Amino acid sequence: MRVLPDTVAGRTILVMLISLLASHLLSVFVYHTDMVRRVSSTSEHALAERLLSAKGLIEIAPPAQRDAIAHAVSSRDETVHWMVDAPLGNGPGPEALDSLAGQIRALLPETSPSDLRVAYEQAPGLDARPSEGSGRILASAKLKDGSWVTVTAPPYGDHGLLSSEAAISTTIMALAIIAVAAAMVRFLTRPLRSLAVAAERFGRDVMAPALAEAGPRETRMAAKAFNGMQERIRKLLNDRTQMLAAMSHDLRTPITRLKLEAEFVGDEDQRKRMLRDLDDMEAMVGSTLAFLKDGVDAEPVKVVDVSTLVASVCEQMEDAGMPVVYHSTTSAPLSCRPMSLKRAFTNVIDNAVKYGAAAHVSMAQDSDQYAVLVSDNGPGISLDEQEKVFAPFYRVESSRSRETGGTGLGLSVAQSIIRSHGGEISLENKADGGLLVKISLPKTVPTVDAA
Ligand SMILES: Nc1ncnc2c1ncn2[C@@H]1O[C@H](COP(=O)(O)OP(=O)(O)OP(=O)(O)O)[C@@H](O)[C@H]1O
Ligand SMILES: [Mg+2]
């Protein structure tokens, strides 16, 4: 089970929420206990005072008037009684009333403690002691003649820790925190998303523009480091490309020379073999140069209908006498490099014709990508070869011996073109034999600004 939210924003909000709620609850708790303490202390003092004054008044009145006086000094909440008998209970009283007992003793210092009582009112018919704080409080003092005066007061009040007001204020605060934090954190994590998008884009296109070095220091540092890395990789790739291009180019001259010289080889068989090898070498050098050139001069991006583009590739190949069938009704507008895409499709369809006798091409799409499907009825490619065929110059053993005449660059060129469009190319052996090549192209490639 996932406990933490997935995003940095989510986690930051969670941490803020927990700490703010904890501090809020703590302050509510502290405030509440303090308030309860003050309220009880004040009520205890008032009760003790009332007992003192009632005792004084009743003590000096004749017994016949004592009931009336007790009634007269009663208030709505606190009632005063005068009784001849001692009130129930004679112990020190419940612990919760200790501080009340103390206050009464302090106000009536000349009365002996055994002549003072505090207790909770016993509900009639109930044997059990009422629980603390629920029953009314009785405070009694003995008069000089042995009768008792008792003051009854309501309990100090049972204030729940979280009143509904506190619950509402906590909830409103939590919601406000979520709203504010969500906006702020999204803003703060934006550079992180830009970095992720930039890294993804760089993986597809080494010529991708540098990341803006803005925002807080850590972000600027990360962007700077990323740009530096991108620059070094680009330079490294460029150097290698230049070197390969120079080598391939320089090889052409000796190959041409060798071809001329081979013409003078006396043995007919040997001459043919040498010329064939030299032709192969020339073709390899030629396609290597073409391959390297692809990466160097990037074609401008245009919006074209990929379906029409595939159709035109198929048509051209059909015209050249190749068995290619294209079937699609989809319209597929895409912002892409059309000439490069055309080369990628040509390479894949050419393979289907060369190794699978005929190509069936179709198109499909879902909400966020197009798919070009090329299938044939040839031998397919074994699973452990499927990864390798994308490597430059790799050809499956059986193709090397056959007279299909390729250099093994077709699929690697196609793959790098498709990847530079943010897509993928995958191979699959069909259940009824033959290879199915799936080329997926996302309708939109994420940009740094959209992050
Ligand atoms: N449709 C297919 N059916 C069977 N094998 C295939 C198919 N497509 C490619 N292959 C195998 O994958 C290898 C690599 O293909 P790739 O297109 O990269 O090179 P190539 O066709 O040999 O040469 P090039 O395309 O440069 O002329 C091929 O040599 C072939 O063995
Ligand atoms: Mg090929």
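Helices (H or I, at least four residues) and strands (E, at least two) are DSSP runs, numbered from the N terminus. With that in hand, welcome to this predicted model, where local features need pLDDT of at least 70, side-chain atom pairs count only at pLDDT 80 or more, and totals for chains, interfaces and linings use all residues. Residues are numbered from 1 along each chain as its sequence is written, chains are lettered from A and ligands numbered from 1 in the order in which they are written, and side-chain values use heavy atoms, with hydrogens and water left out. We begin with ligand 1 and then visit a few single residues.

**The surroundings of ligand 1**

- Which residues are the closest to ligand 1? They are Asn 351, Tyr 355, Arg 395, Ser 399 and Leu 411, out of 19 residues that surround the ligand; a residue is near a molecule if one of its heavy atoms lies within 4 Å of it.
- By type, the shell around ligand 1 holds nine nonpolar, seven polar and three charged residues. Here Ala, Val, Leu, Ile, Met, Phe, Trp, Tyr, Cys and Pro count as nonpolar, Asp, Glu, Lys and Arg as charged, and the others, Gly among them, as polar.
- Helices α8 (338–356) and α11 (410–420) each give at least two residues to this shell, and α8 brings the largest share, four residues.

**Polar contacts and cover**

- A polar side-chain atom of Asn 351 is 2.7 Å from an oxygen atom of ligand 1; a polar contact is a pair of N or O atoms within 3.5 Å.
- Backbone atoms take part too: a backbone N or O atom of Leu 411 lies 2.8 Å from a ligand 1 oxygen atom, and a polar backbone atom of Val 396 is 3.2 Å from an oxygen atom of ligand 1.
- Taken alone, ligand 1 exposes 590 Å², and the protein buries 93% of that (areas by the Shrake-Rupley method with a 1.4 Å probe).
- The space that ligand 1 takes is the second largest pocket. On a 1 Å grid over the protein atoms alone, a pocket is an open set of points where a 1.4 Å probe fits, with protein on both sides within 12 Å along at least five of seven lines; a molecule sits in one if more than half of its atoms lie within 2 Å of its grid points.

**Two positive phi angles**

- Ala 357 is not a glycine, yet has a positive phi of about 75 degrees. Its place is the loop between α8 and β8 (359–365).
- Ala 357 counts as exposed because its relative accessibility is 57%, where exposed means over 50%, buried under 20% and partly exposed in between (1.4 Å probe, protein chains only).
- Phe 393, also not a glycine, has a positive phi of about 65 degrees. Phe 393 lies in the loop between α9 (383–386) and α10 (397–401) and is partly exposed, at a relative accessible area of 37%.

**Residues apart in sequence**

- Val 180 belongs to helix α4 (residues 164–204) and counts as exposed at 51% relative accessibility. Between Val 180 and Ile 13 there are 9.4 Å, C-alpha to C-alpha, although they are 167 residues apart in sequence.
- Tyr 120 sits in strand β2 (residues 116–120) and is buried at 13% relative accessibility.

Conventions. Polar contact = N/O pair within 3.5 Å; in protein donor to acceptor, adjacent residues only side chain to side chain. 1 Å grid on protein atoms, 1.4 Å probe; cavity = no way out; pocket = protein on both sides within 12 Å on 5 of 7 lines; lining within 4 Å.
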